[in-house]
Each structure stands twice: as C-alpha cells, then as structure tokens.
Amino acid sequence: MIPFDPGYVKTVVIKIHPATTVDLPQINFVIKSAIMNWPLPARLRKLAVPVMQYREDDMAVLSVLVAKLNGEILGIAAWDSEPTHPLPNGLGGLFHGLFVLPLVQYQGIGTSLMNAVFDEARKIRATGLLIKAQRVSRHYFERHNLPPLAATDDEYPWQYWKRLA
C-alpha cells in the first residue's frame with residue numbers, strides 16, 4: 001500500500017492559447033473522440049466526424065483556442081468574430097465549436113475555453129455570440145444559463161446566445 005500524504009497537492013496547469021495549423025491533427029483527434037462518445041448510432045457518429053473536423057482553410061477564417069496540458073490538446077473552442085448573425089442586441093459573431101476529450105470532460109475545461117472565447121470577443125467589442133448547439137450538447141449550454149433563441153423551421157433548432165455588450 002502506498003501511503004497518502006494529505007499535505008501533498010499537485011497543481012495541474014492547463015494553458016489556453018490560440019491554435020495554429022500545426023495543431024490541426026490533435027484538434028481533429030479531440031473532435032473525433034468527442035463525437036464518437038456522443039449517444040448516437042455509430043453510423044451517424046462516423047458520418048458526423050469529417051463534417052465537424054477543421055481544415056487549414058477553416059483556421060484562416062476562425063479563431064481557434066486550445067487547452068493544453070504538457071503539450072497535449074485536451075479541448076478546443078472555435079469562433080468567428082464577423083458580426084453577421086442576428087441577435088436580440090444586434091449583429092454578433094458565431095461560436096463555432098467546443099470539444100473536450102471525453103476522458104477529461106466535466107473538469108471545467110470546456111467552461112474555461114468558452115469563457116476564454118467570450119473574453120476574446122469582448123476585447124474586440126463584439127455585442128454577442130450566437131451558439132448553434134448539437135442536440136447532444138444543448139443541455140451543456142442550458143446549464144451555463146445561456147438564453148435560447150427561437151428558431152423557425154428552416155433554422156438550426158438549438159440556438160443560444162451570449163450577450164457581451
């Protein structure tokens with residue numbers, strides 16, 4: 001038996017910073033891992049993976065943040081700052097994606113990434129961000145008290161928004 005020393009506490013530091021195209025393989029691994037953990041039929045998950053993963057051209061138009069521990073990406077958040085999406089307080093940007101490795105979900109990594117995106121958006125004086133959630137993740141945004149937006153039949157069904165200004 002290994003003795004437990006209650007006085008020993010190891011602090012784990014997860015760093016959030018902008019991603020580069022070099023990070024794409026790890027980013028897409030995180031996305032694939034998260035999607036393959038969704039409670040959906042396997043065929044649907046397999047079809048969703050390539051559609052949800054990012055390419056180099058996505059990195060040119062989106063701001064992507066990664067959460068890293070010891071050089072490994074644990075989570076990613078992507079957003080578009082262009083104010084082209086109607087929100088209750090004017091036009092806002094789009095929160096494009098939030099993915100965390102299933103093994104480390106429910107540890108605050110997603111919340112930290114989401115808050116980092118909100119902070120970055122505030123720095124450029126964005127009025128708000130539109131969030132188009134997948135059905136399996138809509139409860140996550142509801143737990144974070146993000147107000148839902150009404151959607152018509154031709155719009156994405158689970159939309160939320162974050163007021164920033």
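This is a predicted model: local features need pLDDT of at least 70, side-chain atom pairs count only at pLDDT 80 or more; totals for chains, interfaces and linings use all residues.
View 1. Ile 14 belongs to the segment before strand E1, which covers residues 15-18. The relative accessible area of Ile 14 is 34%. Because this value lies between the limits of 20% for buried and 50% for exposed residues, Ile 14 is classed as partly exposed.

View 2. Helix H2 spans residues 42-52, and its buried residues are Arg 45, Ala 48 and Val 49. Viewed down the axis of H2, these buried residues lie within an arc of 115 degrees, so they line one face of the helix. The buried residues of H2 pack against helix H1 (24-36). On the face of H2 turned away from the buried side are the exposed residues Arg 43, Lys 46, Pro 50 and Val 51.

View 3. Strand E4 consists of residues 90-100 and contains Val 100. The relative accessibility of Val 100 is 9%; since buried means under 20%, Val 100 counts as buried. Leaving out residues up to four places away in sequence, Val 100 touches Val 30, Ala 34, Leu 74, Gly 75, Gln 105, Ile 109 and Gly 110. Ala 42 is 58 residues from Val 100 along the chain, and the C-alpha atoms of the two residues are 19 Å apart.

Notes. Residues are numbered from 1 along each chain as its sequence is written. Side-chain values use heavy atoms; hydrogens and water are left out. Helices (H or I, at least four residues) and strands (E, at least two) are DSSP runs, numbered from the N terminus. Buried means under 20% relative accessible area, exposed over 50%, partly exposed in between (1.4 Å probe, protein chains only). The arc is that of the directions from the helix axis to the C-beta atoms. Contact means heavy atoms within 4.5 Å.
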